[in-house]
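Please look over the sequence and the model below, then read the points grouped by topic.

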Amino acid sequence: MRKDVILITGANGQIGSELSTALRELYGAKQVIATDIREPKEQNTPFEFLDILNIERLFELVKKYQVTQIYHLAAILSATGEKKPKFAWQINMDGLFNVLEVAKELNIVKVFAPSSIAVFGDQTPREHTPQDTVLHPSSVYGISKAAGENWCQYYFKKYGIDIRSIRYPGIISYQSAPGGGTTDYAVDIFHSAVKGKHYTCFLKADTRLPMIYMPDAIRATLELMEAPKENITVRTSYNLASMSFTPKEIGEEIQKIIPDFTFSHQPDFRQEIADSWTESIDDRIARKDWNWRAHYDLPATTNDMIINLKKKLFESSPIN
Ligand code: NAD
Ligand code: AKB
């Protein structure tokens, strides 16, 4: 077992609830301190309430547990951010600053602070989007992530803090629900399909977006964080690619396993956000620097999601 003590902010969200399990397996349950403003579903690790805007509390927890690494996941995502722009900016920027300041003052060894494909905008090349490219995001969330990437690089260059980051694509998962993003449809569609319900998608049929299955996203995070420091050449945030598909393509993939499944489209305000993002990602630098390779494509993800969602939704229910 490794000796580090890890503090996770926003640990009860879509990524945090699975990443905390993976980190507990690597570091030992007592070495992983989950924090959030929401109660955890299962209390199987040290858990502490932490509002990321409360820097004194963050200082206190880092000292109390002698934390050496912070995984900063607390954030407001794209769709919620467009409804509450100032609030999203405050949580995403002040929250990140608090983490960076605590890391600087208390000599934290490593920080993980994820970014998103939301940093791209309508002037960015849409296909095979390069690592270094035009970043003029149009959502508040994307603006906060683009600024955050640069602040991470600043703290690395100025103070030598080993901060690492990934521009995650939309994440598909069955264990935890997504938290207010534009790519949430790619999880919601499975829930409807498995429950035998029609699904009305809030994006148009042909909106192609980069996505990734949670096991790949977790593995990417751990592989990046374990990579030797000298291999890390990107200190803003790494492009990461896995698969890209449209709502029509994922619906049709589900129909290969659940032929009765039906879906239609009723675009809402999230269409504009999705239209400003790119379609596919060039992740050659992540491949070169820390040997990143995705394992799940759309058919493999669809198959695994349906098997596991059925188990989760139906097999754990008590028999009447
Ligand atoms: P999520 O919304 O599911 O979880 C965020 C967590 O932060 C929630 O549990 C919430 O309670 C907590 N939180 C909100 N405000 C807080 C506050 N003031 N103090 C402390 N905690 C607070 O988000 P996620 O999908 O798990 O995303 C984690 C990180 O990954 C975010 O930075 C997000 O931008 C990034 N990301 C996620 C995706 C994705 O598809 N899930 C894609 C790209 C980037
Ligand atoms: C969102 O849709 O806001 C997130 C993301 C891609 O950052 N899933």
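This is a predicted model: local features need pLDDT of at least 70, side-chain atom pairs count only at pLDDT 80 or more; totals for chains, interfaces and linings use all residues.

In which loop is Asn107 found? The loop between α4 (85-105) and β5 (110-112) holds Asn107.

**Residues with a positive phi**

- Most residues other than glycine have a negative phi.
- Asn107 is not a glycine, yet its phi is positive, at about 55 degrees.
- With a relative accessible area of 64%, Asn107 is classed as exposed, because exposed means over 50%.
- Asn291 is likewise a residue other than glycine with a positive phi, in this case near 65 degrees.
- The loop between α10 (284-290) and α11 (298-315) is the place of Asn291.
- Asn291 counts as exposed because its relative accessibility is 53% and the cut-off for exposed is over 50%.

**Surroundings of ligand 1**

- The shell around ligand 1 has 26 residues, and the closest are Gln14, Asp36, Ile52, Tyr141 and Lys145.
- By residue class, this shell around ligand 1 is made up of 14 nonpolar, 8 polar and 4 charged residues.
- A polar backbone atom of Gly13 lies 3.2 Å from an oxygen atom of ligand 1.
- The side chain of Asp51 has a polar atom 3.0 Å from a nitrogen atom of ligand 1.
- For Gly179, a backbone N or O atom is 3.5 Å from an oxygen atom of ligand 1.
- Ligand 1 taken alone exposes 820 Å², and 94% of that is buried by the protein.
- Two or more residues of the shell around ligand 1 come from each of the elements β6 (115-116), α5 (140-159) and β9 (170-172).

**Surroundings of ligand 2**

- Which residues surround ligand 2? They are Leu77, Ser78, Ser116, Ile117, Tyr141, Gly181, Thr182, Thr183 and Trp277.
- The residues of this shell around ligand 2 divide into 4 nonpolar and 5 polar, with no charged residue.
- An N or O atom in the side chain of Ser116 is 2.6 Å from an oxygen atom of ligand 2.
- Tyr141 places a polar side-chain atom 2.7 Å from an oxygen atom of ligand 2.
- Thr182 contributes a backbone N or O atom, which lies 2.6 Å from an oxygen atom of ligand 2.
- Taken alone, ligand 2 exposes 260 Å², of which the protein buries 93%.
- Why is ligand 2 said to lie between domain 1 and domain 2? Ligand 2 lies between them because domain 1 (6-170 + 213-239) and domain 2 (172-210 + 242-276 + 296-315) both give residues to the shell around it.

**Cysteines**

- A disulfide is a covalent bond between the sulfur atoms of two cysteines.
- How many disulfides does the structure hold? The number of disulfides is 0.
- Cys152 counts as buried, because its relative accessibility of 3% falls under 20%.
- Cys201 is also buried, since its relative accessible area is 1% and the cut-off for buried is under 20%.

**A helix residue**

- Met214 belongs to helix α7, which covers residues 214-226.
- Is Met214 buried or exposed? Met214 is buried, with a relative accessible area of 1%.
- Between Met214 and Phe59 there is a separation of 155 residues in sequence and of 31 Å in space, C-alpha to C-alpha.

**Further loop residues**

- Gly160 is located in the loop between α5 and β7 (162-164).
- Gly160 and Lys104 are 56 residues apart along the chain, and their C-alpha atoms are separated by 8.6 Å.
- Asp122 lies in the loop between β6 and α5.
- Asp122 is exposed, because its relative accessibility is 59% and exposed means over 50%.
- Asp122 and Ala74 stand 48 residues apart in sequence, and the C-alpha to C-alpha distance between these two residues is 26 Å.

How values were computed
Residues are numbered from 1 along each chain as its sequence is written. Chains are lettered from A and ligands numbered from 1 in the order in which they are written. Side-chain values use heavy atoms; hydrogens and water are left out. A residue is near a molecule or strand if one of its heavy atoms lies within 4 Å of it. A polar contact is a pair of N or O atoms within 3.5 Å; within protein, one must be able to donate a hydrogen and the other to accept it, and residues adjacent in sequence count only if both atoms are side-chain atoms. Accessible areas come from the Shrake-Rupley method with a 1.4 Å probe; for residues, only the protein chains shown count as cover. Helices (H or I, at least four residues) and strands (E, at least two) are DSSP runs, numbered from the N terminus. Ala, Val, Leu, Ile, Met, Phe, Trp, Tyr, Cys and Pro count as nonpolar, Asp, Glu, Lys and Arg as charged, and the others, Gly among them, as polar. A disulfide is a pair of cysteine sulfur atoms within 2.5 Å. Buried means under 20% relative accessible area, exposed over 50%, partly exposed in between (1.4 Å probe, protein chains only). Domain bounds come from an automatic or database domain assignment.
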